[in-house]
Amino acid sequence: MLKFLEYFLLTILIAGAMLISHWMGQQAYTWMPPQATAEAQRVDTLFSFLVSVGMFIFLGLVGMMLYSALFFRAKPDDYSEGHPSRGSVKLEILWTAAPTLLVLWIAFQNTNIYSQLNILGLKQIVQLPLEAPAHAASVESPNAASDTPKPADERIQVIATQWKWTFRYPNQAVSHELHLPVNERTRLDLQAEAVIHGFYVPAFRLKQDMIPKRDIDLVVTPNRIGKYRLQDSQYSGTYFALMEADVYVESREAYNQWLVAIAQQPIDEINSVIAEQLHPPKTLFKARWSSKAVEAVAKSTEVQEGDS
Amino acid sequence: MSSSPQPKPIHVDESPIDLERLRQKFPPWLRRFLPSGGGSHEDHHGKGMFGVVVFLLSESIIFLSFFFTYIVLRLTASEWLPPGITGPERSTFVILNTIILLSSSVVIQLAERSLSRHHLVKFRWLWLMTILMGSYFLIGQGIEWSQLDFGLRTGLIGATFYILTGFHGLHVLSGVILQVIILGRSFIRGNYNSGHFGVSATTLFWHFVDGIWVILFSLLYIW
Amino acid sequence: MTNPAISPDDSGGIELNQPIDRHWRDYFRFSTDHKVIGVQYILTTFIFFLIGGLMAMLVRAELITPELNLVDRPLYNALFTLHGTVMIFLWIIPFNAGLSNYLVPLMIGARDMAFPLLNAISFWLIPPAGILLIASFLLPNGPAQAGWWSYPPVSLQNPSGQLVWIISLILLGISSIMGAVNFVTTIVWLRAPGMTFFRLPIFVWSVLSAQLLQLINLPSLTGALILLTFDLAFGTNIFNPTQQGDPVLYQHLFWFYSHPAVYIMALPAFGIFAEVLPAFARNPLFGYRSLAIASLGIAAVSIFVWVHHMFASATPDWMRITFAITSMLVAVPTGVKALGWTATIWRGKLHLDTPMLFAMAGAAMFILGGITGVMLAANSFDLHVNNTYFVVGHFHYIVFNTITMAIFAAIYFWFPKITGRMYAEGWGKLHFWLTFIGANLTFFPMHPLGLQGMVRRVASYPPEYQGWNVIASLGAFLLGVSTLPFIANMVGSVLAGSRAVDNPWQATGLEWTTSSPPPRENFIEIPQVIFPPYNYGNPKAYGEASATQSGEDVSNE
Ligand code: HEA
Ligand code: HEA
Ligand code: CUA
Ligand SMILES: [Cu+2]
């Protein structure tokens, strides 16, 4: 009878924990920035799943620890033993097997979602001599056949320098804003100049490091009109924090209009790094240390100042 | 787990693996490197050699990271040899150098064996010969460096070639210095009364340095 | 204090081993006694913890507002770079080496480490390396400012500071390798008679696993740093992408060490939990053997997971997927540990003294940090949070909320053994609560920030992130305050604490069978081990019936 009651209570507890975990998993969607791509929805689904599983494990283990701390207290001078059990083969096998299964389940979900992301065109890094015997010439050409580009409608060059973003559009227009047509696959050709940068738009849930001299592409399909922020995600030196750019997802017509406009009349550059160099913010401590990259920017600032 | 606390349990140990029995099954030369169960405080030779082996295994990872770098760069670089550079050549000079270094491993092993058999004089001669062979290798390496048509800054080939051979050369040099010290100490009376751990350790180190050279030679001159 | 084991001025039970009274100056001299060296490590690294923590507080102070107002950008970058470097390489790793130095020979029944002189040299490399690193603030262009990873090519742009950073790290690496050779040899060779591998305390197993990782993986960092030095100082281009070099290669070499490094830091903490939890729950450690093997399992798996730090780097798809799976697999042996701890406490008779509070809280917060770790290992999700504060939150839940908590647990637990004095329990509890609250206030808000997309390593940020940042900064200042009662307690108790008996916690383990503090050679007579570890429930195991575990008295078997 007592055994039965124990199992009954245990069942209720587990069910309760599952309910709470499920609820947390639903909440998880609200912790994220807006979803502006199809990928974002998939990533959020995965995250929600991870939160549910994680919450369940957390509740179970921390719950047991808390319960012990509250109800299994010894009297201050009672130094006798708690229980003699040194282990239990059954239990130990169980709690090796259960996490293994859980982990495999998580791994399966993750692989599944990753295969749906379908975002990356990374050139094969190691060109084994065995693999390219006859096509030795293709190694030189920029469009090596080894890398099958994902089909895309639009192609934009993304150029990261220390410390600004530049975008070159199909009509050769150049801008410091990223404009993307909605619901179309756009292939971003990521190029970094001197150091590694990272392409990251939180609302897209996508991120890719940009390595100088390395052909790396990212295919995005934004599906929500709006203004978002592009942020450099790979630390790139002194003014790293200022490497932001605005991202506009807009209808095809608006996008085309903007392309024409920008080709005729480029917008004046408002570079926050140069602005900060000209008017350094007032800080309590000033180290004023400089690096090769800072010096380079400072020089170009002087040139610009002389120009204007 | 019921709640009858009466008979106080006394936990008895059941250790499934008898390491000492396992150890006895190995041949003596290998047994030297294996721990002899608990309480072998006095076995200084074994303890020391164990430490040296562990250290050398660790040291080999540095070389491994360099080999890895070399292989990756060589596979990925679009232009491994800058125009006009032929790269290191597998000349008879280099091959001779290699043969001398590798055979010095045999010589040093013979030296250690003579010492174990208490042939001190023979030990000194063989030991001196190892020193000479090692020094010959170092000098040969220097000559080869001076004759190459590329420098440290000549592309990736220059950087990797000089770093790899230089780091190895540094190990050869350390080995030779250790050998000289040991040769000097062999003239101290009673130096080997409490074993010859230093000699064994240096011998092992020398084999290690030679082993690394085999890999280096394959990577740099044969590939 | 009603604890019967702590009777002031009780000198009973200390007939066999006379505690030696050391002068405080002995701890500032060159010594080859592993106990002195252990204390030297502990004191030195704690100073570096304060320095690293001071830098963290400056970082947090800057982050209260979205704009710059405390430090300029180069200084901010130097602060987080050195904060990370100091905390990892001058606090947790060498602290663990110090604690292990003190405990391992005692726990396995040895008189000292295998190579005492080497041991002393390992320690004495640390102060110069640390001072060198901190002193690089005085360089004309400041210290290293490329983050603790020092990825090229950014790290190539500030040669002077970076070079000092490299030299310091190579020195610390040499110290670690020598220490690792010493620990592994000691554990394998110097165990007392009867101390079979499966009688080693779990702490020793953890140290063994961690030090094996040092041996296998640390040289890869040394190799990378040597190559970086050539790029920096001698004009080679191994990592320079514009001259055909490969910066991603550096990332692989770096993480091949620095991922296992996180387990080098974590494993000894797991070991501490396995010592403290049974002692205060009065239960044998549940599943001893599976916990022992799990230590090796964690170490083994963690060698093959390093690419999970490079999911957004130039890594092909197959690599991302493979390493996502291996990374998640670490959760299995780690889970065995976590479940073992929980089962140990379950139905125990808990004494919530300060060490127990720190250990339980640390174990609980580890579950959170571990679960966010598994989330990060899911590479599809990591694409979103990589290099955001979510990662910073994940690892501080482990490096501070787990490992530093475990370290505090260890300090309180072995304080009576090391100093021969008791600490003040009330002050310990105050320290615990301040730390526990401060830690969660500081590091929890980092998770929502990261999910919202706030990247790390920025001194200024978009204003919408300010709310959580203010909470985190206040928490950090609370953490700063929390160190004060701790320091006061330690200093006060060393000077004027009541005398501790040999085994104040009635714990098992050979270190508790000798005097507090132990004599120079640890044991009057090398003990003969006849019990399995964690023999709670057998009073003889903690010296109630006989003073030592000497082999004569085996009648109870
Ligand atoms: C010392 C500490 C430590 C420890 C122990 C861990 C443990 C883990 N870490 Fe963490 N990690 C760091 C320190 C640590 N980490 C640091 C310092 C960084 C950042 C470095 C930098 O970028 O500067 C980092 C970054 C980091 C990343 C990179 C993120 C990024 O940069 O984008 C990843 C990704 O996979 C990761 C994963 C993991 C995993 C899977 C574990 C696992 O070992 C966790 C396993 C534990 C559990 C899961 C809990 C207990 C288990 C159970 C109760 C069983 C049941 C559970 C399940 C089935 C899920 N960590
Ligand atoms: C390994 C251990 C470790 C530990 C213990 C800590 C502890 C802390 N860390 Fe951490 N941290 C790292 C390792 C660690 N950190 C690493 C590896 C990074 C990444 C670096 C990089 O990106 O390259 C990082 C980065 C990092 C950041 C991100 C910076 C950025 O990306 O821009 C932040 C921000 O809040 C932070 C905060 C803190 C805080 C508040 C503590 C607190 O817990 C500290 C508490 C301690 C104190 C507050 C000490 C108080 C001292 C005094 C009161 C007295 C001082 C007096 C004298 C010195 C005389 N850390
Ligand atoms: Cu710009 Cu990273
Ligand atoms: Cu990792």
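**View 1. Arg347(C) lies in the loop between helices H10 and H11 of chain C.** In this predicted model, local features are reported only at pLDDT of at least 70 and side-chain atom pairs only at pLDDT 80 or more, totals for chains, interfaces and linings use all residues, and side-chain values rest on heavy atoms, with hydrogens and water left out. Residues are counted from 1 along each chain as its sequence is written, while chains are lettered from A and ligands numbered from 1 in the order in which they are written. Helices (DSSP runs of H or I with at least four residues) and strands (DSSP runs of E with at least two) are numbered from the N terminus. Arg347(C) is not a glycine, yet its phi is positive, at about 55°. With a relative accessibility of 40%, Arg347(C) counts as partly exposed, a class that falls between buried (under 20% relative accessible area) and exposed (over 50%), as computed with a 1.4 Å probe on protein chains only. Gln244(C), which is likewise not a glycine, has a positive phi of about 75° and sits in the loop between H6 and H7 of chain C. Its relative accessible area of 26% makes Gln244(C) partly exposed.

**View 2. Cis peptide bonds are found in chain A and in chain C.** In chain A, the bond that joins Gln162(A) and Trp163(A) is cis, with omega about 0°. Trp163(A) belongs to the loop between strand S2 (154-161) and strand S3 (164-168) of chain A. In chain C, the cis bond runs from Pro152(C) to Pro153(C), with omega near 0°, and Pro153(C) is part of the loop between helix H4 (126-135) and helix H5 (159-189).

**View 3. Histidines of chain C coordinate the copper ion (ligand 4).** The donor atoms are ND1 of His259(C), NE2 of His308(C) and NE2 of His309(C), at 1.8 to 2.1 Å. A donor here is an N, O or S atom within 2.8 Å of the metal (3.2 Å for Na, K and Ca), and water is not among the atoms, so sites may look incomplete. Along the sequence these residues follow the spacing H-x48-H-H. His259(C) in helix H7 (residues 247-281) and His309(C) in the loop between helix H8 (288-302) and helix H9 (317-329) are 50 residues apart, and this pair links distant parts of chain C. His259(C) is buried, at 3% relative accessibility, whereas His309(C) is partly exposed, at 25%.

**View 4. Helix H8(C) has 15 residues.** From its first C-alpha to its last, H8(C) reaches 21 Å, close to the 21 Å expected, where the expected span is 1.5 Å times one less than the number of residues. The buried residues of this helix include Tyr288(C), Leu291(C), Ser295(C) and Ile298(C). These buried residues pack against helix H3 (89-117) of chain A, and against helix H6 (202-233), H7 and helix H10 (331-345) of chain C, with contact taken as heavy atoms within 4.5 Å.

**View 5. Ligand 1 sits in a site shared between chains, because residues from chains A and C surround it.** Of the 33 residues around ligand 1, those that come nearest are Trp148(C), Tyr263(C), Asp382(C), His394(C) and Arg456(C); a residue is near a molecule or strand if one of its heavy atoms lies within 4 Å of it. The iron atom of ligand 1 has a single protein donor, NE2 of His394(C), 2.2 Å away, and His394(C) is found in helix H13 of chain C. The iron atom and the copper ion (ligand 4) are separated by 4.5 Å. An oxygen atom of ligand 1 is 2.8 Å from an N or O atom in the side chain of Trp148(C), and a distance of 2.8 Å also applies to a side-chain N or O atom of Arg456(C) and an oxygen atom of the ligand. The shell comprises 22 nonpolar, 9 polar and 2 charged residues, where Ala, Val, Leu, Ile, Met, Phe, Trp, Tyr, Cys and Pro count as nonpolar, Asp, Glu, Lys and Arg as charged, and the others, Gly among them, as polar.

**View 6. Ligand 2 is surrounded by 33 residues.** The closest are Arg60(C), Tyr76(C), His83(C), His396(C) and Arg457(C). A polar side-chain atom of His83(C) lies 2.8 Å from a nitrogen atom of ligand 2, and a backbone N or O atom of Arg457(C) lies 2.7 Å from an oxygen atom of the ligand. H1(C) gives the most to this shell, with 8 residues. By class, the shell has 21 nonpolar, 9 polar and 3 charged residues.

Notes
A polar contact is a pair of N or O atoms within 3.5 Å; within protein, one must be able to donate a hydrogen and the other to accept it, and residues adjacent in sequence count only if both atoms are side-chain atoms.
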